Amino acid sequence: MSDTNSHTDATVDSHTNADPGTEATAAGEPLVSVEGLRKYYANEQSIVDRVLGNEPESVKAVDGVSFEVAEGETLGLVGESGCGKSTTGETVLRLREATEGRITFDGENLLEMSDGELTQFRKRAQIVFQDPFSSLDPRMTAGDIITEGLKIHGVADQAERRETARDLLERVGLSADQIDRYPHEFSGGQRQRIGIARALALDPEFVVLDEPVSALDVSVQAQILNLLDDLQDEFGLTYLFIAHNLSVVRHICDRVAVMYLGKIVETGPVDEIFADPAHPYTKALLASVPRVSTEAREEDFATLHGDVPSPRNPPTGCRFHTRCPEARAACRESAPPDYAVNDRRRAKCFRNDADHAYWDSEPIEENARTAGD
Ligand code: SF4
């Protein structure tokens with residue numbers, strides 16, 4: 001047990017229902033604060049449900065997530081496909097309506113904003129999408145794409161907007177002369193630069209970067225990451241960086257929040273989490289070797305055995321217990337609370353509590369055996 005119980009000084013936070021994302025941020029006052037965010041999708045009632053009189057179960061895409069992003073900070077939100085990270089980002093921007101929870105932006109409750117206030121918020125918060133091919137309208141020129149937000153918000157006249165587009169093209173590493181070209185005339189990396197320029201046109205403070213490099217070749221990924229890093233300094237931006245690959249997060253984020261099945265299971269400074277992960281799921285992600293080829297990238301989670309359970313009917317107890325190589329019987333019984341690993345880190349795993357019944361219960365043999373295969 002000694003090798004596995006390395007966080008015996010950890011304490012259970014008094015707010016045991018708090019999410020691991022709520023620990024003190026690294027760089028000052030939070031610009032964005034999210035508390036107990038839930039996003040459920042209602043399902044159609046199946047024939048079986050109708051016959052048995054059962055209510056349809058909703059899909060719990062985001063299930064009680066809390067985190068803060070400090071001004072000027074980059075928070076990475078990481079997890080496997082389908083864990084709820086993109087839904088979280090879109091809900092924080094109110095591109096999707098929250099089922100429950102509280103989202104605060106610069107001290108204002110986002111979920112209670114009037115239409116006028118929401119319009120103002122949309123100028124201050126933007127998004128860069130994953131796919132640079134489908135996210136740009138093929139019938140619009142680069143200049144029109146970049147300045148579409150300015151036009152919608154009635155900012156500047158046409159000549160000024162065109163000048164803004166020329167300037168932004170240069171700032172994202174393209175040429176101002178490319179302003180009248182169409183998306184199909186650009187490479188994938190260049191298209192993503194246009195998507196970034198579009199996000200910057202309204203001079204936002206906060207940008208959600210939703211897997212901004214995962215559709216790009218590895219050689220181009222580094223260029224775009226460097227560009228995002230430079231632009232953050234130049235424009236004074238705060239980022240929520242969504243990724244499935246921890247190695248990408250390492251190079252750009254200050255802190256990281258790891259998501260599994262709709263919940264944040266661990267959070268803390270990137271360097272500390274890479275050096276000593278406190279949650280077995282984070283360990284599994286880190287054990288996934290960064291791959292170079294596309295085929296290999298798809299195997300990034302090969303070290304994790306079993307399928308991700310359905311968010312419609314998540315496992316009892318710890319949601320990770322069906323796949324966790326360190327699971328014990330106690331993990332099936334109750335959900336782990338939020339443990340403070342230190343004053344900068346939190347994790348939802350019983351292993352962080354030396355006195356928990358976890359240590360006296362039996363290992364789940366099946367999990368341990370599968371992990372050793
Ligand atoms: S609480 Fe148990 S199942 Fe959950 S991550 Fe920790 S050891 Fe694994």
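A residue counts as buried when its relative accessible area is under 20%. The legends below describe close-up views of a predicted model.

**View A. Asp-338 and its contact with Arg-346.** Asp-338 belongs to the loop that runs between helix H12 (329–333) and strand E12 (339–342). Because its relative accessibility is 0%, Asp-338 is classed as buried. A polar contact of 3.1 Å joins the side chain of Asp-338 to the side chain of Arg-346.

View B. The largest cavity is the space that the ligand takes.

**View C. The largest pocket and the residues closest to its centre.** The largest pocket holds about 430 Å³ of space. Its lining consists of 20 residues, and Arg-122, Gln-126, Ile-127, Gly-149 and Arg-198 are the closest to the centre of the pocket. The lining of the largest pocket contains 13 nonpolar, 4 polar and 3 charged residues.

**View D. Helices and a strand that contribute to the lining of the largest pocket.** At least two lining residues come from each of helix H3 (115–124), strand E7 (125–128), helix H4 (142–152) and helix H6 (188–200). Helix H4 gives the most to this lining, supplying 6 residues.

Technical notes. Residues numbered from 1 in each chain as written. Predicted model: local features only at pLDDT ≥ 70, side-chain atom pairs only at ≥ 80, totals over all residues. Heavy atoms only, no water. 1 Å grid on protein atoms, 1.4 Å probe; cavity = no way out; pocket = protein on both sides within 12 Å on 5 of 7 lines; lining within 4 Å. Sits in = over half its atoms within 2 Å of the grid points. Helix = DSSP H or I, 4+ residues; strand = E, 2+ residues; numbered from the N terminus. Buried < 20%, exposed > 50% of the residue type's maximum accessible area, 1.4 Å probe, protein only. Polar contact = N/O pair within 3.5 Å; in protein donor to acceptor, adjacent residues only side chain to side chain. Points joined across faces, edges and corners; volume = space filled by probe spheres on them. Nonpolar A, V, L, I, M, F, W, Y, C, P; charged D, E, K, R; others polar.
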